[in-house]
Structure formats: C-alpha cells, structure tokens
Amino acid sequence: MARSGNKAAVVLCMDVGFTMSNSFPGEESPFEQAKKVMTMFVQRQVFAESKDEVALVLFGTDGTENALACEDQYRNITVHRHLMLPDFNLLEDIESKIQPGSQQADFLDALIVCMDVIQKEIVGKKFERKHIEVFTDLSSPFSKDQLDIIIHNLRKSSISLQFFLPFPVGKEDGTGDRGDGNLPSDHCRPSFPLKGITEQQEEGIQMVKRVMMSLEGEDGLDEIYSFSESLRQLCVFKKIERSSIPWRCQLTIGSNLSIEILAYKSIVQERVKTSWTVVDARTLRKDDIQKETVYCLNDDDETEVPKEDTIQGFRYGSDIIPFSKVDQEQMKYKSEGKCFSVLGFCRSSQVHRKYFMGNQVLKVFAAKDDEAAAVALSSLIHALDELDMVAIVRYAYDRRTNPQVGVAFPRIKDTYECLVYVQLPFMEDLRQYMFSSLKNNKKYTPTEAQLSAVDALIDSMSLMKKEEEEDTIEDLFPTTKIPNPQFQRLFQCLLHRALHPEEHLPPIQQHVLNMLDPPTEVTAKCQIPLSEIKALFPLTEVIKRKNQLTAQDIFQDNHEEGSNSKKVKIEEEGAHFSLSSLATISITKVGSVSPAEDFRALVRQKSASFEEASLQLINHIEQFLGTNETPYFMKSMDCIRAFREEAIKFSEYQCFNNFLNALREKVEKQLNHFWEIIIQDGITLITKDEASGSSVTAEEAKKFLAPRENRNEDTAAVFEEGGDVDDLLDLI
C-alpha cells in the first residue's frame with residue numbers, strides 16, 4: 001500500500017450550470033463527458049486501493065451549501081462530499097445523483113471554496129500533495145477582482161491545479177489536442193469545434209492560461225486537458241499501489257566475510273486480491289451466513305466425531321499415513337533465520353535463462369549509511385562484472401520459510417549498482433521431454449527458399465524499431481507498460497455490478513482487446529512474408545482411409561495345430577510378454593516412448609531387417625545419452641539389454657559387439673558415469689559360449705569391462721571395424 005506520507009488531498013470541482021448540457025446534434029454534452037472523466041478517475045483510485053482522499057464541489061447548482069456562502073457571495077456552489085477515501089458511494093453519486101443545474105456560478109469563486117475545503121479538512125492529517133481539478137466549459141461569467149489573491153494563496157498553500165475543458169487548448173493559438181497516438185482514439189470528439197467557441201469561452205480560456213502560467217510558467221499549459229484527451233488517458237484502470245519494504249539481511253561469503261544488505265522486490269507477480277466471500281443473496285450481508293463444519297464417520301449412522309478426535313492424514317498410494325500437528329511441526333524445515341549466503345561462483349554462461357523461476361526478482365543494495373558495506377558490495381559487483389561471473393546463493397526469507405537456491409548477477413547502471421537475485425530450480429522442478437530429432441530425416445529438411453521465407457517473416461515481425469538518424473531503438477510492444485487484461489476486466493465488471501446490480505455484465509472493452517494485438521506497423525510489414533510462407537508451405541487435407549478387411553482376414557484358419565504353435569511361441573517369449581506386445585502388429589519403427597519393446601517387435605515380426613532396426617535403436621540411444629540425464633541413462637540401458645538379447649537370438653552377435661566397442665570409445669571419457677552403470681550391470685561382449693559364431697572368449701569379455709590400463713591390448717583385435725569411430729551410426 002502507499003505510505004501515508006505519499007497521500008494526496010484531491011478536490012474535484014465540477015461545473016453543473018445549464019450551459020454544460022448544451023451540445024451539437026449527435027454529440028455528448030460537456031456535462032456527460034465531465035462525468036465520464038471523473039468516474040474514470042475515481043474508479044482508478046478505488047481499484048488501486050489508493051490512500052488519496054477525494055472531495056467533490058459542484059458549482060452552478062440550484063442551491064448553495066458551502067462554509068463561505070453569504071448573502072451575495074459564493075452562491076450556487078455546493079460541497080457535495082468532503083475529503084475522504086474514494087468508494088463506490090462516490091461513484092454512485094457521480095453516476096446518478098449529480099444532475100445539471102439551472103444556474104451559473106463564477107469558477108474563480110468555486111476555486112476559493114475548494115481551497116477552503118482543503119485548508120480546513122487537512123488539519124490533523126498528513127498529505128504530501130494538495131490538488132484541485134476543475135471541470136467546466138468556461139461559459140459562466142467570472143470576476144477578476146480576486147485573481148491575484150487566488151494565485152498567491154495557491155502558491156502559498158502549494159496547491160496544484162488542473163483544468164478539463166470540452167475543447168483542446170494549445171500553447172500557440174488555443175487549439176490542438178496533445179492526445180497520445182498510441183492510445184485508443186474511438187472516444188467522443190470535443191463537443192465544441194474551434195468555430196463554436198463563444199466570446200465568453202474565449203475570455204475564459206485566456207483567464208485559465210493566465211492562472212496556469214502564473215503558477216507553473218509555460219509548463220502550466222500542459223495541465224489544461226480536453227475531455228476527449230482525458231478519456232483516452234484514463235481508460236485503463238490504475239494499478240494497485242505498493243510500497244517497496246526493504247528486506248534487511250547479511251550477505252555472507254564463507255565464515256569470515258559478511259556485508260549488510262537491503263533487498264527490494266523489483267518484479268513480483270501481482271495476483272487478484274482474493275476478496276470473494278459468501279453472503280446472503282437477499283440481504284447481501286456476510287453476517288447473515290454462518291458456516292458450520294461437522295465430521296462424521298463413513299458408516300450407516302454417519303456418527304458425528306468431535307473435531308478434537310480427528311487427525312490429519314497423508315494419502316500415500318492407497319494408504320493413509322496419520323500425521324499429528326506435533327509430527328507436522330517436527331517435519332518442518334528448521335532454519336537459523338534469514339539467509340543470503342554465497343555458496344560459490346560460476347561463469348554467467350553456465351546459468352541458462354531457461355532455469356530462471358520463482359515469482360519475484362530481488363535487487364540487493366548495501367545497507368544505507370554503511371560505508372563499509374557499500375565499498376564491499378561494490379567491489380563484489382564490479383569483480384563479478386569484470387570476470388563475467390555470477391554468485392550461486394542460498395536464500396531464506398526468514399526461519400519459517402524453506403530455503404531456495406538462486407543466482408545473483410551484477411547490474412551496473414549510471415545511477416546505481418546492485419545484485420539481482422533470481423531463484424533457480426531444484427532437481428524435482430525440472431521437466432525433461434524427449435522428442436525425435438529432425439536432423440537425420442531428409443523428409444523434414446527445408447529448402448533454401450523456405451529458410452529465406454521464414455527469416456524474412458521473423459525480420460518483418462521484429463518488435464524493435466531502429467531509428468537510423470537518431471541511432472535509437474524503439475520498443476513497439478513494451479510489455480511493462482501493458483496492464484494485465486485480467487485485472488482490467490475484473491474491475492470493469494465489479495464497477496458495473498456495483499452501479500447496475502440488475503443489469504447483465506458489459507462486453508469486454510475494446511481498448512482491452514486492442515492491448516494484446518500486434519502493432520499495426522508490424523502487421524502491415526509481415527503481409528508479404530506471410531504470403532510467401534503460404535505459397536512455400538502448402539497445406540493439403542489428409543483423408544484417412546479405413547483399412548479394408550479381406551475375406552482371408554475375416555475367415556481365418558483356427559485349427560488346433562495352429563493354436564498349439566502360437567502357444568509354444570508365447571511361452572518362448574514369456575520373459576518379455578506385456579500388454580503392449582498385443583499391439584506390436586502396428587509397429588513400423590522404433591519410437592522414443594518404448595524403444596526397447598519396439599525394437600523387439602520389429603525384429604521378431606521381421607517387418608524390418610535386423611540391421612535397419614538396430615540403426616533406429618542406436619539413434620535413440622544417442623539421443624538419450626545426449627541429454628546427460630539419469631532417467632534417460634536408464635532408458636538407454638533397457639535399449640542396450642534388448643539389443644544384446646535379440647542379437648544372441650538372431651545370431652547378430654557381431655553387430656552388437658561392434659556397437660558396444662564403439663559405445664565404449666565414445667562414452668568412457670565423455671560420459672564416464674554412464675559407462676560405470678554398464679560395468680555394474682555386467683553388460684559385455686557376446687561370447688562364443690552365448691553365440692556359436694562369436695570369436696570372443698569369456699576371459700576377453702571380462703577384460704573388456706576392466707579399466708583401460710589393465711586391459712589386454714590384443715582384445716581390440718577381435719573386432720573387425722578398425723579405425724577411429726566418431727559416430728555409432730557410422731560404425732554399423
């Protein structure tokens with residue numbers, strides 16, 4: 001929330017005189033436009049949970065209600081609402097209770113009333129800013145007698161001023177709208193074109209300019225807005241205000257070096273405030289609903305059990321393991337408290353961006369007014385930056401939270417320097433997925449024309465626009481300036497339901513839908529590359545044909561003899577029988593999901609030669625080993641076992657022995673931990689005891705798994721491949 005020192009006292013001063021209701025045919029009146037602008041301002045304050053206090057003063061009312069009113073002074077001016085936090089009651093007043101009056105009032109008199117409201121109602125309160133916003137069409141007569149006094153008191157009281165008019169006012173000739181071209185432009189046009197301004201309004205414009213320039217100089221003219229311009233700028237709900245509270249801790253390196261630090265949340269995921277509650281549908285009161293929880297046994301009588309006789313249980317498979325509160329307390333991680341400890345350092349290139357996780361980013365600074373901490377932290381930041389290194393950090397917010405492991409990298413700017421902390425994942429946080437490679441498949445190799453077309457599309461859709469003359473880069477889609485559409489829609493619906501409880505919710509506002517559209521400049525530039533993509537990558541509809549059954553498939557010969565032969569075959573293959581084997585008839589290649597089973601099915605049903613099936617299997621083994629992850633090592637081991645067993649059965653011992661020898665040469669140094677798994681499992685060459693044609697003896701097979709320096713140099717002579725092996729597929 002915003003600190004109390006940042007609060008503002010704001011007075012909305014609205015002209016409701018009869019001229020505010022005048023408008024050209026087909027256009028909204030200044031009165032309605034002013035109400036829209038005020039509504040948008042107040043609703044932004046409400047949903048931002050701002051601590052600013054807002055008052056509302058109306059001039060041109062039929063009655064008079066203000067502290068300065070006397071017989072002929074400050075008439076037709078009403079203080080509708082005193083300074084207080086904005087709420088839905090104020091929005092409802094603006095929506096329905098404020099109506100056009102039949103009188104006119106001096107807007108300078110209304111300014112004096114607003115100043116009086118601020119001076120009297122801020123007593124005992126602390127406001128950093130005081131502000132008056134005037135909404136008028138300047139059609140009412142005014143007196144200049146007290147103008148100098150008004151300007152003097154505004155300066156003396158440090159009260160800022162803004163004017164909102166039905167027409168734009170420029171610096172030079174009184175015309176020109178400073179609307180932002182990037183904002184939606186589908187709002188109402190000014191009600192008065194230049195030719196429609198009356199002499200009274202022209203005189204009012206000069207008066208407003210004089211007041212604003214007396215207060216702010218030339219910059220004061222920037223505080224004069226048109227209604228249409230304001231509607232564009234206020235169409236987005238204001239974000240919730242948050243103060244950044246520092247987290248004080250010590251950055252420790254080893255046991256002898258500690259630096260006092262302050263950490264601030266730089267980026268944090270904002271979530272919708274969970275304020276939903278159950279209320280009575282008729283009275284809309286929460287107190288009218290009482291919730292009662294009863295615990296019952298799962299028996300015929302549904303016997304009630306007192307809460308103190310219940311205990312929490314953790315479901316583990318089909319069992320429930322009871323855990324009391326004492327157990328839960330003992331199970332919790334006990335830390336010593338706050339921690340920001342450097343575990344070590346590494347190259348920044350070793351910490352990939354894909355590993356960044358968590359819902360916040362911390363910026364770490366030295367403690368204020370601590371010169372020693374500032375020097376020490378600055379030295380660390382510059383050393384990391386010069387060496388292109390980062391720190392791996394153990395972070396714990398307090399003793400109640402579990403520790404994290406994260407990375408702290410240096411950030412050096414012109415105005416400050418700090419460490420930026422981002423959380424890193426543990427092993428369980430990673431998700432590994434395996435997909436078949438496209439490199440070795442000629443079917444998926446793109447042509448040069450296709451590659452060029454995709455390159456052109458990427459270039460045309462670049463969101464960075466470089467200005468050659470000014471040598472600057474413009475971000476065409478600045479995400480940090482785009483409000484969350486979820487918040488915008490929620491606030492829109494809450495506001496509508498609060499003001500119109502019986503109506504249906506409105507459609508999503510167009511400017512919210514436009515937020516996530518690509519920039520028009522990018523959309524225009526990518527049309528030609530898209531047409532080239534469409535021509536080079538044609539889409540054809542694939543009609544799936546149903547497999548037609550022949551008479552032979554339907555009327556099969558099911559003699560007993562055939563059944564017996566099938567039974568014998570199943571018994572022989574019983575060691576590898578599974579439900580998946582029932583579907584082997586549809587397997588045409590070795591897949592990445594169950595490659596070992598696919599390989600067995602391929603070689604047994606002879607839908608592919610042993611050499612072809614083994615090449616597919618070896619290709620998957622290479623992919624698995626390329627991940628350098630333990631789960632895929634285990635999958636590779638299953639493939640190697642299946643390869644060896646089937647090679648023995650089909651007398652393809654030399655194919656397997658060649659593969660295993662090449663595998664040893666490739667992984668013994670690069671993936672030594674995987675080779676140790678092979679040694680532990682005792683997977684070695686196929687010997688002549690296992691396959692009659694093999695020339696490898698049991699002793700040679702045993703030495704094959706021994707460390708290289710103890711291995712007989714003549715062992716390699718039994719292989720026929722010869723030469724250096726760079727790739728397993730090249731060998732086979």
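1. Let's start with the two helices: the axes of H1 (residues 30-47) and H2 (residues 88-97) come within 10 Å and cross at roughly 170°. H1 is therefore roughly antiparallel to H2, a label for angles over 145 degrees. Axes here are lines fitted to C-alpha atoms, for helices over the stretch in contact, with angles running from 0 to 180 degrees between N-to-C directions. Helices (H or I, at least four residues) and strands (E, at least two) are DSSP runs, numbered from the N terminus.

2. A word on the basis: this is a predicted model, where local features need pLDDT of at least 70 and side-chain atom pairs count only at pLDDT 80 or more, while totals for chains, interfaces and linings use all residues. Residues are numbered from 1 along each chain as its sequence is written, and side-chain values use heavy atoms, leaving out hydrogens and water.

3. Do look at the barrel: seven strands close it in the order S7-S8-S14-S17-S16-S15-S13, with mixed pairing. From one strand to the next, the twist averages 40°.

4. Within that order, S13 (residues 339-347) and S15 (residues 389-396) run antiparallel and are joined by eight bridges. Strands count as paired if DSSP finds at least two bridges between them. Phe-340 stands opposite Tyr-395 in S15.

5. Finally, S11 (residues 312-316) lies largely in the open, because the number buried among its five residues is zero (buried means under 20% relative accessible area, with a 1.4 Å probe and protein chains only). S11 pairs with S12 (residues 319-323) in the antiparallel sense over five bridges, and Tyr-316 has Asp-319 in S12 as its bridge partner.

Conventions:
Angles under 35 degrees count as roughly parallel, over 145 as roughly antiparallel, 65 to 115 as roughly perpendicular and the rest as oblique. Buried means under 20% relative accessible area, exposed over 50%, partly exposed in between (1.4 Å probe, protein chains only).
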